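Subject: Structure handover

Hello,

Here is the structure you will be taking over, followed by notes on what turned up in it. Please read the notes with the structure open.

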Amino acid sequence: MSTLGVAGPKTEGGKKWHGVNRSELDWFPSVDPDKCTGCGLCLLSCGNAVFKWDGSRNRPIVSAEKNCMVGCTTCAKVCPEDAITFPSDPKKFVRQVMIQHKVFPAVRKELDERLTKFPDHALSNSTSKPRGG
């Protein structure tokens with residue numbers, strides 16, 4: 001199976017996913033050109049600018065693969081032709097990364113920072129700390 005072109009650099013700007021260099025994580029969509037009808041739902045549904053539109057082929061291309069949120073499969077879920085696939089099962093992939101890279105301390109810190117910065121993300125009558133804290 002061939003896939004529509006992946007344009008642009010493999011790594012964008014040294015991004016991290018819960019402390020892990022995003023360049024180490026091969027999580028991004030592939031578009032099968034034999035199935036893709038060019039509806040554009042993937043591009044419109046992706047909030048991380050993973051796709052760009054190839055006007056000459058009237059199809060999306062994966063242009064910023066490392067922008068894809070690890071574990072996200074929204075584009076594949078909304079694709080009416082099942083033309084989008086990912087390297088593996090998202091739950092297994094994320095679980096493996098979490099264990100291998102021991103991300104829980106970073107996740108705990110990020111959650112605490114988020115709740116401090118955005119107190120409205122917590123129930124106002126809740127005094128308990130998030131799970132694991």
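To begin with one arginine: the side chain of Arg22 reaches the backbone oxygen of Trp27 at 2.5 Å. The model is a predicted one, and every value here is computed from it.

Arg22

Arg22 sits in the loop that runs between strand 2 and strand 3. Besides the backbone oxygen of Trp27, the Arg22 side chain also reaches the backbone oxygen of Leu25, at 2.5 Å. Arg22 is buried but makes no salt bridge. The nearest side chain of opposite charge belongs to Asp26, and it is 6.3 Å away. Once neighbours within four places in sequence are left aside, Arg22 is in contact with Lys15, Lys16, Trp27, Glu65, Lys66, Cys68 and Val70.

The aromatic rings

Trp27 comes up again here. How many aromatic pairs does a search of the whole structure find? There are two. One is formed by Trp27 and Phe86, and it is stacked, with 4.9 Å from centre to centre and 20° between the planes. This pair links distant parts of the chain, 59 residues apart: Trp27 is in the loop between strand 2 (20-21) and strand 3 (30-31), while Phe86 is in the loop between strand 6 (84-85) and helix 3 (90-101). Trp27 and Phe86 are both buried.

The other pair is formed by Trp27 and Phe93; it is tilted, at 5.0 Å centre to centre with 35° between the planes. Distant parts of the chain are linked here too, since Phe93 belongs to helix 3 and Trp27 to the loop between strand 2 and strand 3, 66 residues apart.

Why do Trp27 and Phe93 count as buried? Buried means under 20% relative accessible area. Trp27 has a relative accessible area of 0%, so Trp27 is buried, and Phe93 counts as buried because its relative accessibility is 12%. Trp27, Phe86 and Phe93 together form one aromatic cluster.

The hairpin

Elsewhere, strand 4 (residues 51-54) and strand 5 (residues 59-62) run antiparallel and are joined by four bridges. Lys52 stands opposite Ile61 of strand 5. The hairpin that strand 4 and strand 5 make has four residues between the strands, and Asn58 takes a positive phi there, near 55°.

Regards

Notes:
Residues are numbered from 1 along each chain as its sequence is written. This is a predicted model: local features need pLDDT of at least 70, side-chain atom pairs count only at pLDDT 80 or more; totals for chains, interfaces and linings use all residues. Side-chain values use heavy atoms; hydrogens and water are left out. Rings of Phe, Tyr and Trp (its six-membered ring) pair if their centres lie within 6.5 Å; planes under 30 degrees apart count as stacked, over 60 as edge-to-face and the rest as tilted. Helices (H or I, at least four residues) and strands (E, at least two) are DSSP runs, numbered from the N terminus. Buried means under 20% relative accessible area, exposed over 50%, partly exposed in between (1.4 Å probe, protein chains only). Two strands pair if DSSP finds at least two bridges between them. Lys and Arg count as positive and Asp and Glu as negative; His and the chain ends are not counted. A salt bridge is a side-chain nitrogen of Lys or Arg within 4 Å of a carboxyl oxygen of Asp or Glu. A polar contact is a pair of N or O atoms within 3.5 Å; within protein, one must be able to donate a hydrogen and the other to accept it, and residues adjacent in sequence count only if both atoms are side-chain atoms. Contact means heavy atoms within 4.5 Å.
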